[in-house]
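User: Please take me through the strand pairing and packing of this model, with the cut-offs stated as you go.

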Amino acid sequence: MDDITGGVNNMNITDSHKKNRIQVSNTKKPLFFYVNLAKRYMQQHNEVELSALGMAIATVVTIAEILKNNGLAVEKKIMTSTVDMKDESRGRPVQKAKIEILLGKTENFDELMAAAAEEREAAANGEEQS
């Protein structure tokens, strides 16, 4: 697995310096960690780029769909490609599928986020009173 991460990190120097990119793994963090991180990135940068290799592609698509279905994001660009890497066990070259999805904020993103924050605050206050 470290070889894959190293390969992704070494792929393109300019890509790795993007402050609004999330490289998704389906083994390291739960799905909603990435959903919430994407929301935070969109608040800060107005857009977020979700990126994944191989089996994690389904996770990236799910994250994008959750954000779109909740009215928080719109698709700006979807790019697919293959990346050459070394197989960890055999050391031979293999090709991995790669996807990059660029999402932008919807017009009512800030209102929806503010409403969600108010709901959380109200729920927290309700727990304190009981």
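User: Which residue in E4 is the bridge partner of Ala73?

Analyst: This is a predicted model, in which local features need pLDDT of at least 70 and side-chain atom pairs count only at pLDDT 80 or more, while totals for chains, interfaces and linings use all residues. Residues are numbered from 1 along each chain as its sequence is written, and side-chain values use heavy atoms, with hydrogens and water left out. E3 and strand E4 (residues 93–105) pair in the antiparallel sense over 13 bridges, where strands (E, at least two residues) and helices (H or I, at least four) are DSSP runs numbered from the N terminus, and pairing requires at least two DSSP bridges between two strands. In E4, the partner of Ala73 is Lys105.

User: In what order do the four strands of the open sheet lie?

Analyst: The pairing in this open sheet is mixed. Strand E1 (21–23) and strand E3 (73–86) are the edge strands, each pairing on one side only. The order is E1-E2-E4-E3.

User: Is Glu49 buried or exposed?

Analyst: Glu49 belongs to strand E2 (residues 47–53) and touches, among others, Lys18, Arg21, Ile22 and Leu102, not counting residues up to four places away in sequence; contact means heavy atoms within 4.5 Å. Because its relative accessible area is 5%, and buried means under 20%, exposed over 50% and partly exposed in between (1.4 Å probe, protein chains only), Glu49 is buried.
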